[in-house]
Every structure is written in C-alpha cells, then in structure tokens.
Amino acid sequence: YLHAQAISVYTARTEQMIADIIEKELDRYFMRLQAHVRGIDKLDPIKHGDFKNSLIGQWWFSEEGNNFRIRYSSYDFEKLQSGLEQLFSLGRSIIEAVDRGEEGEVDSLFQKFRAILRRVKLDLDELKEVLREGGK
C-alpha cells in the first residue's frame, strides 16, 4: 500500500513539473537564439527550427507525452501545441535571417517570437492550474 502511495505521489509531482520543464526549455531555446544572433552560438535551422525534433517535441510525441495529454484531456493541448510549433517555426526563420544577414528581419521576427512566447507561457500557466487540480 505504501509503495503504491509513493508511486502515486511521485507521478503527480512529476506531472506537475512538466509545465515548468517546458517553460525552462523554451527559455533556454530563446537564449540560444539570442546567442546565434550575437554570433556566440551557431544553430542549424533544420535541427533547431523544428518542434518535433526539439526536446519538448520528442517528449510531446512520445508514448509518455501522449498518455499525459490523455490523462489531462480537459486542457486544450492543441492550442499549446500550435503555439509551440509557431515558436520553433519562427526560431527557424530567425536563424535563417541571421545567416542571410537580414538584421531588420531578425528584429521583426524576434518581436513576433516574444509575443508568441508570452502567450505560450500563459497557456503553460493554465496547464499548471489544471495539473494542480488533478485534471479537473
């Protein structure tokens, strides 16, 4: 009985951390894009501009990610996924614009990126609330 309780608590806490992990990974992605713009880091637009190949995307499309979305089906994961896909698509465009030397385009794309990132973070706050409530 105690073992089952411990596993239940572990699973609930782990799932509650998922939104935080996604948020931190998006912050890391944003910083890497900024480093690319400044010439500190060199990102590949194919590798770093594709949601499905990102760490978030790999989890998202895994069996674990799918089961998570099923467990918390009261949340609008399609809206969150759309925002995440937009972020990585814009990330790819930013990388490509930097590589072409189009500074004005980079600034414009970063403004769009920041706006979508703010929206995605609000969506993640909603997800955190759903997770705290246990999916209700």
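Here are some notes on this predicted model, point by point.

1. **Ground rules.** Residue numbers start from 1 along each chain as its sequence is written, and side-chain values use heavy atoms, with hydrogens and water left out. As the model is predicted, local features need pLDDT of at least 70 and side-chain atom pairs count only at pLDDT 80 or more, while totals for chains, interfaces and linings use all residues.

2. **Overall layout.** The protein has 6 helices and 0 strands, and along the sequence the pattern reads α-α-α-α-α-α. Helices here are DSSP runs (H or I, at least four residues) numbered from the N terminus, and strands would be runs of E with at least two residues. Of the 136 residues, 39% count as buried. Buried means under 20% relative accessible area, exposed means over 50%, and partly exposed lies in between (1.4 Å probe, protein chains only).

3. **Surface and contacts.** The accessible surface comes to about 8300 Å², and carbon and sulfur atoms hold 52% of that. The areas come from the Shrake-Rupley method with a 1.4 Å probe, and for residues only the protein chains shown count as cover. If you take contacts (heavy atoms within 4.5 Å) between residues at least 6 apart in sequence, 73% join residues at least 24 apart.

4. **The core.** What sits in the middle of the largest nonpolar core, in terms of the most contacts inside it? Leu26, Leu84, Phe113 and Leu127 have the most contacts within this core of 35 residues. At least two residues each come from α1 (2-37), α3 (55-60), α5 (77-100) and α6 (103-132), and α6 gives the most, with 11 residues. A nonpolar core is a set of buried Ala, Val, Leu, Ile, Met, Phe, Trp, Tyr and Cys residues joined through side-chain atoms within 4.5 Å. As background, nonpolar side chains tend to be buried together in soluble globular proteins.

5. **Leucine 84.** This residue is worth a click in the viewer. Leaving out residues up to four places away in sequence, leucine 84 touches Ile22, Leu26, Phe51, Ile56, Trp60 and Val120.

6. **Helix α5.** With 24 residues, α5 reaches 35 Å from its first C-alpha to its last, close to the 34 Å expected at 1.5 Å a residue. The expected span is 1.5 Å times one less than the number of residues. Leu84 is one of the buried residues of α5, which also include Phe77, Leu80, Gly83, Leu87 and Phe88. At the start of the helix, a side-chain oxygen of aspartate 76 comes within 3.3 Å of the backbone nitrogen of glutamate 78. After α5 comes glycine 101, with a positive phi near 80°.

7. **Helix α6.** This helix has 30 residues and reaches 42 Å from first C-alpha to last, close to the 44 Å expected at 1.5 Å a residue. Glycine 134 follows α6, and its phi is positive, near 80°.

8. **Two lysines of α6.** Lysine 128 lies in α6 and is buried, because its relative accessible area is 15%. Its side chain makes a polar contact of 3.0 Å with that of aspartate 20. Such a contact is a pair of N or O atoms within 3.5 Å; within protein, one must be able to donate a hydrogen and the other to accept it, and residues adjacent in sequence count only if both atoms are side-chain atoms. Not counting residues up to four places away in sequence, lysine 128 touches Ala19, Asp20 and Glu23. Lysine 121 is also in α6, and counts as partly exposed because its relative accessibility is 21%. Beyond its neighbours within four places in sequence, lysine 121 is in contact with Glu23 and Asp27.

9. **Helix α4.** Which residues of α4 (residues 63-71) are buried? They are Gly65, Phe68 and Arg69. These three cover an arc of only 95° around the axis, so they lie on the same side of α4. The arc is that of the directions from the helix axis to the C-beta atoms. Glu63 and Ile70 are exposed on the other side.

10. **Serine 54.** Serine 54 is in the loop between α2 (45-48) and α3. This serine is buried, since its relative accessible area is 9%. A polar atom of its side chain lies 2.9 Å from the backbone nitrogen of glycine 57.
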